[in-house]
Structure formats: structure tokens, C-alpha cells
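Hi,

Here is the structure I promised to send over.

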Amino acid sequence: MNFQDKIDPQADKACMAEPLLKFFAQEWMAHVVAALSRHGTLRFGQLRRSLPGPISARVLSARLKALEAGGYVTRREIEGRVRQVEYRLTDSGRAIDLLLVQAESALYLEGTVGALTNER
């Protein structure tokens, strides 16, 4: 057993937050959470239009299914002549949005966001 193992026996194991970070690092995932947080309950087309760029219906559908499976979004079908589906954040989704906002704020305070996106 080396010195590092005595300090932190978990040192060689993966970060416990890694799966969550990888999940939300997928393209559009954080944008979908932010849009639902900002606008509340949205239908598919409304959500698609509220995002900051062009996203295919296929990609948005995949992201929403993943968020629903993870317990971050609820999906509600509305009965009627035309099938409508609404999406909204769960309590877990709102908690993740808060964390994303805090992380973004911290990056701006440190000046990291501009360096990462070449906006400086």
C-alpha cells in the first residue's frame, strides 16, 4: 500500500460523478434542461423552437427519452384528435438545472468559459 492509498483508499477508482457528468455532457442535454427550466411545461415543437440552434427531431427525441429514463423529465400525453405530448422537469431535473447554472456562473467568474469557447 503506497502513501496515496493511505490518504485516499478510493484514489484509483473513477470519480463518482463521472456518469452524471458524461450524461449531461451529451450534445443538447443541458440546453433541453435549461429550456424546460426557463419555460416550464413545453410540447415537443415548442421545446424544439426554444433551443438555441437547429436540432433534429430524432436527436431531441433521443435526449428527451434519456432524460425521462433518468428521472429528470416527465412526459405526459394529452388525449384529443391530435396527439400532443408535454414535457417538464421533475424535482431531480430542477436540481440538475440549479447545478448547471451554478457551474456556469463559477466558470464565468473564473473567466474559464471565454477561454474554453474562444470568446475572449
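Met29, Val32 and Val33 in H3 meet a set of H5 residues, namely Leu60, Arg63, Leu64, Ala66 and Leu67; contact here means heavy atoms within 4.5 Å. This is a predicted model, so local features need pLDDT of at least 70 and side-chain atom pairs count only at pLDDT 80 or more, while totals for chains, interfaces and linings use all residues. Residues are numbered from 1 along each chain as its sequence is written, and side-chain values use heavy atoms, with hydrogens and water left out. Helices (H or I, at least four residues) and strands (E, at least two) are DSSP runs, numbered from the N terminus.

Back to the helix pair. H3 and H5 pack at an angle of about 75°, and their axes are 10 Å apart. Axes are lines fitted to C-alpha atoms, for helices over the stretch in contact, and angles run from 0 to 180 degrees between N-to-C directions. The two helices, H3 and H5, are therefore roughly perpendicular to each other (under 35 degrees is roughly parallel, over 145 roughly antiparallel, 65 to 115 roughly perpendicular, and the rest oblique).

Two H5 residues deserve a look. Leu60 sits in helix H5, which runs over residues 57-69, and counts as buried because its relative accessibility is 0% (buried is under 20% relative accessible area, exposed over 50%, partly exposed in between, with a 1.4 Å probe and protein chains only). Not counting residues up to four places away in sequence, Leu60 touches Val32, Phe44, Leu47, Arg48, Leu51 and Ile55. Of these, Val32 is 28 residues from Leu60 in sequence, with 8.3 Å between the C-alpha atoms.

Then there is Arg63, also in H5. Arg63 is buried yet has no salt bridge, and the nearest side chain of opposite charge is Glu27, 5.4 Å away. A salt bridge here is a side-chain nitrogen of Lys or Arg within 4 Å of a carboxyl oxygen of Asp or Glu; for charge, Lys and Arg count as positive and Asp and Glu as negative, with His and the chain ends not counted. Beyond its neighbours within four places in sequence, Arg63 is in contact with Gln26, Glu27, Trp28 and Met29.

On to the sheet. Three strands form an open, antiparallel sheet in the order E1-E3-E2 (two strands pair if DSSP finds at least two bridges between them). E1 (42-43) and E2 (73-78) are the edge strands, each pairing on one side only. Helix H3 (residues 29-39) packs on the sheet, where it touches E1, E2 and E3, and its direction makes about 95° with that of E3. E1 and E3 (residues 84-89) pair over two bridges, and Leu42 stands opposite Tyr87 in E3.

Which salt bridges are there? The structure holds four, including these:

- Lys22 with Glu18, the closest N and O atoms being 3.1 Å apart. Both lie in helix H2 (residues 18-24), four residues apart, about one turn of the helix. Lys22 is exposed at 55%, whereas Glu18 is partly exposed at 29%.
- Arg75 with Glu77, at 2.8 Å from N to O. Arg75 is partly exposed at 32%, and Glu77 is partly exposed at 39%.
- Asp91 with Arg94, at 2.3 Å from N to O. Both lie in helix H6 (residues 91-110), three residues apart. Asp91 counts as exposed at 59%, and Arg94 as partly exposed at 45%.

Cheers
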